[in-house]
Amino acid sequence: MSTPFIAIVPARAASTRLPGKMLLDVAGLPLVVRTAQQAKKSSAAQIIVATDDTHIQNVVAEHGFETLLTSPNHPSGTDRLSEVVTQLNLSDDTVVVNVQGDEPLIDPQLINQVAQALIQHPEASIATCAYPISEVDKFFNPNIVKVVCNQRSFALYFSRAPIPWARDDFARDKSQLPKPDFALHHIGLYAYRVSFLKQFPQLSTGIHEKLESLEQLRALEHGHRIFVLKTAQAPLPGVDTAEDLQNMRDYFAKHHLYAK
């Protein structure tokens, strides 16, 4: 039997690339509501939408979801989660999954799996996911975050750089990867222990976090362990741009997933 966990959906009002995106329509429902509905299909004992905007809070509440109003000044989604777990006075051993508000196609089973991965690895503060990179151009793309793990699937490092570097193979040919499971593409889905979330705002920003602009490196630089759940394939995409939004709308239309 799986251990209970909580899913928190951060929904920040500000969005540089797609203003107001959390409330943009996707087949008859706001984007963040679509995401919350998907999270509800998981085994999470509680779904909470955490936002810094009263309008988002009211719209989400109208659709029957629990909400919490948080500070607009958080530098990251993890800081927002820290405020939520403090507001809720959650116990240190509670597991919380961060489900980004712009992921209306997130796989509910993946939410369950990342939560259980953390529960099953008590030495970890965080669990996350990754899948094999199969295309060489993605391996060399700095917008694709790679992760290298040890033999027990704990993260050694996350980078925008092409890691691991196959010195001899790439000396001969950079047009293909040495083997299909050679490198891992990090998926930004996280499960946290509340004890870590309470500590996070006090952790100083790390050197490598600044260089790579990757928040998860702060945890590694301060000695926290991150378990990486390896999945066979890529998750369905989220919404960052106007093009992503149109693709999402097309997907819902194609599959007749209209609001009832």
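How many salt bridges does a search of the whole structure find? The search finds 10, a salt bridge being a side-chain nitrogen of Lys or Arg within 4 Å of a carboxyl oxygen of Asp or Glu.

Colleagues, a word on the basis. This is a predicted model, in which local features need pLDDT of at least 70 and side-chain atom pairs count only at pLDDT 80 or more, while totals for chains, interfaces and linings use all residues. Residues are numbered from 1 along each chain as its sequence is written, and side-chain values use heavy atoms, with hydrogens and water left out.

I begin with Arg80 and Asp52, whose side chains form a salt bridge at 3.8 Å, N to O. Arg80 belongs to helix H3 (residues 77–88), and Asp52 to the loop between strand E4 (46–51) and helix H2 (54–62), so this pair ties together parts 28 residues apart in sequence. Helices (H or I, at least four residues) and strands (E, at least two) are DSSP runs, numbered from the N terminus. Arg80 is buried at 2% relative accessibility, and Asp52 is buried at 17%. Here buried means under 20% relative accessible area, exposed over 50%, and partly exposed in between (1.4 Å probe, protein chains only).

Next, Lys138 and Glu135 are joined by a salt bridge of 3.8 Å, N to O. Lys138 is partly exposed at 32%, and Glu135 is partly exposed at 38%.

In the salt bridge between Arg167 and Asp168, the closest N and O atoms are 3.0 Å apart. Arg167 is exposed at 61%, whereas Asp168 is partly exposed at 42%. Finally, salt bridges with shared partners link Arg17, Lys21, Asp102 and Asp240 into one network.
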